[in-house]
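User: Please examine the helix packing and the salt bridges of the structure below.

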Amino acid sequence: MYADTLKLIVTGDRRRPSPRLPERLNGLFLSLGVASGGRAERIEDEIWRLWMAYRDSAVAFDLERATRALTALDFPAAERILARLVATHPDFAEAWNKRATLYYMQSRDEESVASLSLGDTDSALFAFDAALRVNPHLESVRETIGKLLRTRHAAAALH
């Protein structure tokens, strides 16, 4: 899975969005790369609104409930909702994404965690750099890159 993710990142500029996604997303992502301040935040909000939308409003409401449960760190509730969503609506990409986020928050993404814990700093930096190219306003990603670079420099100084 980790290698597949890196392949997707590397080929991202040659890939085309799923025809199931709203066409506006591509333009929003292009605008996000050059926007700043409040405009960037509004674009991010619009992207999230489109990702969270679903043709069945009850399903979209369930995703909102799962998101609130994640925010409240109520992992069992979030997992129950998300398991049902991905089973009954496998075409709802954001339900899968939220479930992946849940697993990440619980340190259940063994491959990703294992790669980082084995010191695969270069791959992590590559992935985070790709994320910043899509959305240069991800401050937490910038902070993580800084921590990884400091850790790598400190380890190099010891050797």
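User: How many residues apart in helix α4 are R65 and D62?

Analyst: This is a predicted model, in which local features need pLDDT of at least 70, side-chain atom pairs count only at pLDDT 80 or more, and totals for chains, interfaces and linings use all residues. Residues are numbered from 1 along each chain as its sequence is written, and side-chain values use heavy atoms, with hydrogens and water left out. Helices are DSSP runs (H or I, at least four residues), numbered from the N terminus. R65 and D62 lie about one helical turn from each other in α4, because their separation is three residues.

User: At what N to O distance do the side chains of R65 and D62 meet?

Analyst: The two side chains form a salt bridge, that is, a side-chain nitrogen of Lys or Arg within 4 Å of a carboxyl oxygen of Asp or Glu. For R65 and D62 the N to O distance is 2.7 Å.

User: Is D62 buried or exposed?

Analyst: Buried means under 20% relative accessible area, exposed over 50%, and partly exposed in between (1.4 Å probe, protein chains only). R65, at 33%, is partly exposed. D62 has a relative accessible area of 15% and is therefore buried.

User: Which residue in helix α5 is linked with D62?

Analyst: D62 also takes part in a salt bridge of 3.0 Å, N to O, with R84. This pair connects distant parts of the chain, 22 residues apart, with D62 in α4 and its partner in α5 (residues 75-88) being R84.

User: Which residue in helix α3 is tied to R24?

Analyst: A salt bridge of 2.6 Å, N to O, joins the side chains of R24 and E46. R24 is partly exposed at 47% relative accessible area, whereas E46 is buried at 18%. R24 belongs to α2, so the pair ties together parts 22 residues apart in sequence, and the residue in α3 is E46.

User: Are α2 and α3 roughly parallel or roughly antiparallel?

Analyst: Axes are lines fitted to C-alpha atoms, for helices over the stretch in contact, and angles run from 0 to 180 degrees between N-to-C directions. Angles under 35 degrees count as roughly parallel, over 145 as roughly antiparallel, 65 to 115 as roughly perpendicular and the rest as oblique. Helix α2 (residues 24-32) packs against α3 (residues 37-52) at about 155°, with the axes 10 Å apart. The two helices are therefore roughly antiparallel.

User: How is α4 oriented to α6?

Analyst: The axes of α4 (residues 57-71) and α6 (residues 93-105) come within 11 Å and cross at roughly 15°. The orientation of α4 to α6 is therefore roughly parallel.
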